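Hi,

Here is the structure I promised to pass on. Have a look at it first, and then read my notes below.

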Amino acid sequence: MNPTATRRAPNRVAGRRTPTTTTSTPPCPEQPPGVVVRVSTGGSWRSQRPMWIWGCQTWPDSRSGISLPCPPAHSVRPSGGSCTTTGIRTAVHPRSIQRCRRTPHRARHGGAPGPGRWHMRKVRPFREWVVKVAQQCNLACDHCYVYELQDTSWRRKPSVIPEASVNRLAEKVAEHARAHALPAVRIVLHGGEPLLAGKQRIEHIVSVLTSELRGVSDCDISLQSNGTLLDSDWLDLFHRYGMSVGISLDGDRTANDRHRRSRNGRSSHTAVLKGLELLRRPENRARYSGLLCTVDLANDPVAVYEELLSHEPPMINFLLPHSTWEHPPPGHDSLATPYAEWLLAIFERWYTAPVQETRIPRFEDIMERALSGRALSGAVGAVSDFIVVESDLSVELPDNLKAAYDGAAATGLNLLDHDFDTVARHPAVVAARGAGPAPLAADCLACPVVRLCGGGLRAHRFHPRNGFDNPSVYCADLRLLTTRIRDRVVADVREWFGRAS
């Protein structure tokens with residue numbers, strides 16, 4: 001659900017229902033956008049649930065005629081009683097609220113004032129950043145969640161991240177790494193097509209980041225590209241800074257060109273193969289991180305896998321098309337499991353190979369969960385533990401959320417005014433990282449398979465009726481995929497142990 005939504009809970013006093021009022025505050029510089037004020041009127045204040053006071057605006061209650069003051073600067077207390085506020089929740093009845101004019105919040109509570117309790121949360125530091133270095137792309141992939149689905153925010157951002165913004169980004173990442181003594185951080189340069197930023201700008205980005213983090217944390221910098229612009233000069237740059245690059249490819253020419261064409265409609269396949277040929281050379285193998293393939297039911301799964309395998313990738317990531325309940329994926333049927341069956345065909349081919357030909361994180365993650373209960377990555381489950389920095393220095397949630405609705409990934413925070421500790425405490429960020437009070441829908445929490453599938457990606461759970469409080473639109477597929485892999489792996493482990501005994 002929208003992290004700023006409030007639940008409408010009736011108040012009861014002596015068996016009588018009392019009215020509840022909910023409204024929104026206008027945005028202010030000290031508060032993330034979209035937060036709310038909830039005011040409960042009527043009844044004894046002792047019998048009411050704690051009232052929420054968020055925001056930095058005075059808000060008049062039309063029912064009681066009370067103006068609620070800004071909590072950060074002063075405490076709010078019940079008339080004639082002691083102060084009970086901690087900056088956001090006040091267990092008082094609105095009819096008895098008045099401004100505590102004499103004692104500032106810092107003196108009464110021993111800390112700096114803050115607009116909300118989320119500012120006091122313990123920080124779980126970030127270790128991975130996705131940086132949008134270029135907003136444009138030279139391809140027009142019709143399944144692209146950045147340009148072709150619901151979000152339009154890219155149109156309002158700089159086409160290439162400015163150099164001054166790069167310096168600010170590097171300072172903030174190094175500050176965060178230093179504050180939390182992070183031994184290593186990972187930064188992924190992304191787009192659009194990041195190579196459109198140009199060699200000079202990419203080298204500036206990488207050199208500034210490595211310089212700021214030198215002596216603070218080991219810095220692993222990679223880049224995700226469509227591969228069409230890759231040449232030997234780019235590889236020289238990647239070698240100088242120890243960068244790796246991943247390439248997006250959906251299969252052979254027919255499979256790839258069904259979706260990944262240039263803006264003039266021409267095939268992109270030949271250009272991608274030239275880039276992959278460079279990466280496959282022995283001197284460049286260390287720069288080759290793997291392939292990203294979007295699942296397409298129109299393609300034969302094993303043929304796609306064999307084609308991708310011919311390019312000798314160290315890893316292949318299979319991505320489900322980013323879809324929601326409002327805009328379901330092609331071939332979707334709540335009772336059928338076409339995506340699971342597509343992926344299971346590849347799993348059988350991969351799992352039964354006499355030697356490991358490549359890594360597939362989606363399958364490895366399910367296997368690890370089945371055998372140990374731990375996840376190796378976010379390839380399957382709901383948790384996405386990276387944060388996105390856009391070319392205008394706005395900080396956003398994982399950008400697959402852009403498939404849900406326009407602005408779904410926005411936090412309202414930016415690196416000009418906020419640091420990453422503030423970002424990590426933001427309620428929407430906490431929820432996206434799977435640490436909120438209810439990160440999954442009730443149906444998911446009651447499901448025995450949730451330990452394996454993690455509820456699926458958050459973006460895939462969206463419905464305009466109730467936000468993200470739903471199972472994944474791929475729920476049936478995830479159930480079949482994860483249980484089939486679990487059963488196969490567990491059976492094999494039991495057989496191996498039986499032979500060993």
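Let me start with one contact in this predicted model: Glu 203 makes a salt bridge to Arg 240, with 3.2 Å between the closest N and O atoms. By salt bridge I mean a side-chain nitrogen of Lys or Arg within 4 Å of a carboxyl oxygen of Asp or Glu. The two partners sit 37 residues apart and link distant parts of the chain, Glu 203 being in helix H3 and Arg 240 in helix H4. Searching the whole structure gives 23 salt bridges.

Some housekeeping: residues are numbered from 1 along each chain as its sequence is written, and side-chain values use heavy atoms, with hydrogens and water left out. As the model is predicted, local features need pLDDT of at least 70 and side-chain atom pairs count only at pLDDT 80 or more, while totals for chains, interfaces and linings use all residues.

Back to those two helices (helices are DSSP runs of H or I, at least four residues; strands are runs of E, at least two; both are numbered from the N terminus). The axes of H3 (residues 199-213) and H4 (residues 232-241) come within 11 Å and cross at roughly 5 degrees. Axes here are lines fitted to C-alpha atoms, for helices over the stretch in contact, and angles run from 0 to 180 degrees between N-to-C directions. H3 and H4 are therefore roughly parallel, a label for angles under 35 degrees. On the H3 side, Ile 202, Val 206 and Thr 210 are among the residues that meet H4, whose contributors include Trp 234 and Leu 237; contact means heavy atoms within 4.5 Å.

Then there is the sheet. Nine strands form an open, mixed sheet in the order S16-S15-S14-S13-S12-S11-S17-S18-S19, where pairing takes at least two DSSP bridges between two strands. S16 (316-319) and S19 (410-414) are the edge strands with a single partner each, so one side of each has no neighbour in the sheet. On average, neighbouring strands are turned by 25 degrees against each other, direction ignored. Further in, S14 (residues 244-248) runs parallel to S15 (residues 288-294), joined by four bridges; Ile 247 has Leu 291 in S15 as its bridge partner. Helix H7 (residues 301-309) packs on the sheet and touches S15 and S16.

A caution on confidence: pLDDT (the predictor's confidence in each residue, from 0 to 100) averages 79 over the chain, with 73% of residues at 70 or more. Residues 1-116 stay under 50. Where pLDDT is low, the predicted coordinates should not be read in detail.

Cheers

How values were computed:
Angles under 35 degrees count as roughly parallel, over 145 as roughly antiparallel, 65 to 115 as roughly perpendicular and the rest as oblique.
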